[in-house]
Amino acid sequence: MSDKRTIDVAATPMLDRAKEIGFLTTFDRAKAQEPRCTFGNTGICCRICLQGPCRILPKKPGGNKGICGAMDYTIVARNIVRYIAGGSAAHSDHGRHIAETVLHVAEGKLKDYQITDAVKLIAVAKKIGVETEGRDVLAVAKDVATAALDEFGRVNEDEITWLTANSNESTLDVLRKTNIMPSGINLSLAQLLHQTHAGNDADPVNIIFGGLKAALCDYDGMALATDLSDILFGTGVPVVTEANLGAIKADKVNIALHGHNPLLSQMVVKAAKEMQGEAKTAGAAGINLVGICCTGNEVLTREGVAIATNFATQELAILTGAMDAMVVDVQCIMPSLRSLAECYHTKIITTMPIMKIPGSYHLAFDEHRALDSAKEIIRLAIDAYKVRDTEKVCIPDVRNTVVAGFTLESLLNIFKKINADAPIRVLTDAIEAGEIKGVALFAGCNNLKGTHDENHFTIATELAKNDVFIVATGCAAQAFGKEGLLNGDGVQKYAGEGLKKFIARLNAAAGLTAELPLIFHMGSCVDNSRAQDLANMMAKEMGLDNRDVPYVASAPEAMSEKAVAIGSWNVALGNPVHVGVVAPTVGSTLVNDVVTKVAEDVFGGFFFWETDPVKAATRLVDILEERNWKNAMRK
Ligand code: MSK
């Protein structure tokens with residue numbers, strides 16, 4: 001543990017460096033925001049009309065409602081579901097972009113992309129009811145991509161496809177009975193914004209159900225994004241690489257791939273392989289790609305690209321003085337990167353029409369000339385390298401080995417070596433035998449209301465000690481990579497006896513050159529769909545409804561609207577969800593009780609807020625034990 005700001009030992013000297021050069025990082029800015037406004041913090045500040053902001057002042061006559069008469073519960077419910085709308089829009093728009101690209105590949109319009117994983121294409125086609133027998137791969141791809149795009153504009157009563165195809169019947173039954181089964185993504189999101197317009201729905205429960213419907217669109221958008229990205233770029237297999245700022249190399253042209261969308265970053269990886277010579281001509285030892293946030297996770301999973309860092313410490317990659325270019329696409333990119341880059345030679349390159357930063361270099365990404373765009377980016381980085389000030393280079397010598405690439409397919413491939421007929425039984429048998437207690441998904445971001453990466457690390461190691469099998473995505477997975485939990489040493493240091501035995505059995509069967517990790521990295525934010533597929537499979541194999549499966553989710557440092565959407569669909573699909581920051585629902589006891597208590601009766605899933613990592617871990621273990629106990633009693 002290094003200091004109160006972060007537990008990341010590479011981050012600490014970089015934060016000190018920022019101080020030396022007088023740059024105020026996100027850590028300083030977070031501090032400057034304290035104390036937070038209690039109204040905003042608890043969700044009782046309403047800003048959805050121009051008469052506002054209205055705050056709930058319970059003791060003031062006339063102040064216990066908004067100007068329009070909206071009660072605290074209406075205001076809190078409207079605010080929280082509008083987060084879901086934002087998150088769901090982001091994930092599903094990402095999915096739409098990938099689907100459009102697959103369609104254009106199938107139509108022969110894009111020369112730089114191809115269908116890489118035809119086996120997955122056929123599996124997805126069968127899952128969603130697209131005819132495959134005797135058909136050409138591109139014809140199937142066209143129908144699958146069209147089906148994905150149909151998810152967005154549908155306005156009839158038909159149910160959304162990916163959610164319906166992936167979920168278990170008893171779960172779908174609950175979604176239908178509660179009237180939250182979506183039809184089209186765009187329709188559900190537009191309806192939610194309409195529902196929460198000033199002077200519209202005042203019923204908090206109805207508003208929350210509208211929010212859950214939008215959250216299920218978030219699930220659908222990310223599930224199709226995962227499937228189509230695998231089809232386009234390949235489904236990841238185990239890879240060995242490294243994580244933390246020490247992955248940035250002083251003698252190479254360093255390029256950070258940051259954001260979420262793999263369409264351009266995959267091309268940068270391809271171009272980098274071809275252009276090592278150009279970098280050498282410029283005097284560098286080659287090109288070194290590193291990842292930040294979920295674009296990083298995408299190229300880690302499929303290409304073994306190293307992790308530089310996660311969300312809260314993205315600025316610190318520039319402070320190393322050796323970052324020649326940072327290529328950003330969409331989501332989770334701090335606008336501050338540009339002003340920090342001005343202190344160095346780093347080129348910040350924005351690439352998407354909906355994500356520009358004043359003063360940064362904008363290279364409009366065009367799928368029709370994707371590889372050329374990637375090459376332009378690399379040339380910009382090489383040019384920047386030529387003017388790098390070596391005096392300013394200061395890379396912390398901190399990195400940990402990472403074994404990642406655990407898509408559900410690659411995990412099942414390991415299980416298959418133990419049980420070829422029913423691979424998932426390898427996991428469920430271990431749970432039923434009491435060797436491990438269940439599965440926990442770690443998802444989500446960093447949130448500087450707490451100490452950077454501390455919740456991730458503490459909760460995960462506590463769960464591991466208690467024999468919980470852990471999968472992770474997003475910036476949580478990157479925190480684990482940096483802290484040495486994505487390798488075999490992590491197992492030896494932190495796993496309980498049962499988990500150790502289970503992973504040793506997998507190791508013996510897997511036959512990989514590297515030891516399997518303590519935590520299985522499943523990919524980016526949209527790959528939370530892979531984890532839900534795992535939960536669905538466990539339910540089926542164990543003969544349980546999802547609401548009874550020993551599976552929990554935790555977002556220890558949730559930050560983004562997308563995290564709210566992910567947490568919400570997890571609840572609707574039956575999963576208990578821990579959040580490590582107090583949600584802005586606490587301003588209304590009614591709304592807070594609905595999402596933390598009543599939700600369990602209806603869906604099986606529910607939220608709980610716990611900022612203390614040890615208490616959070618204890619509660620997660622208790623939930624798994626309770627589910628196991630109840631399941632044993634039912635037999
Ligand atoms: S990048 S949404 S900070 S996980 Fe997916 Fe990280 Fe959260 Fe962005």
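Predicted model: local features only at pLDDT ≥ 70, side-chain atom pairs only at ≥ 80, totals over all residues.
I started with the UniProt "binding site" annotation (unreviewed entry), which covers His260, Cys294, Cys332, Cys445, Cys475 and Cys525; such annotations may be inferred rather than shown by experiment. They spread over 266 residues of sequence, yet they cluster in space, with a largest C-alpha distance of 12.9 Å.

Residues are numbered from 1 along each chain as its sequence is written.

Next I looked at the ligand. I found 16 residues around it, the closest being Cys294, Cys332, Cys445, Gly474 and Cys475 (near means a C-beta atom, placed from the backbone, within 6 Å). Helices H13 (293–303), H20 (474–482) and H24 (561–572) each give two or more residues to this shell (helices are DSSP runs of H or I, at least four residues, numbered from the N terminus). Domain 2 (245–392) and domain 3 (400–634) both contribute to the shell, so the ligand lies between them; the bounds come from an automatic or database domain assignment.

Then I checked two cysteines. Cys294 sits in H13 and is buried, with 33 other C-beta atoms within 10 Å (buried takes 20 or more of them within 10 Å, C-beta atoms being placed from the backbone). Leaving out residues up to four places away in sequence, Cys294 touches His260, Gly474, Ser524 and Cys525 (contact means C-beta atoms, placed from the backbone, within 7 Å). Cys475 is in H20 and is also buried, with 36 C-beta neighbours inside 10 Å.

Notes
Buried ≥ 20, exposed ≤ 12 C-beta atoms within 10 Å, placed from the backbone. Contact = placed C-beta atoms within 7 Å.
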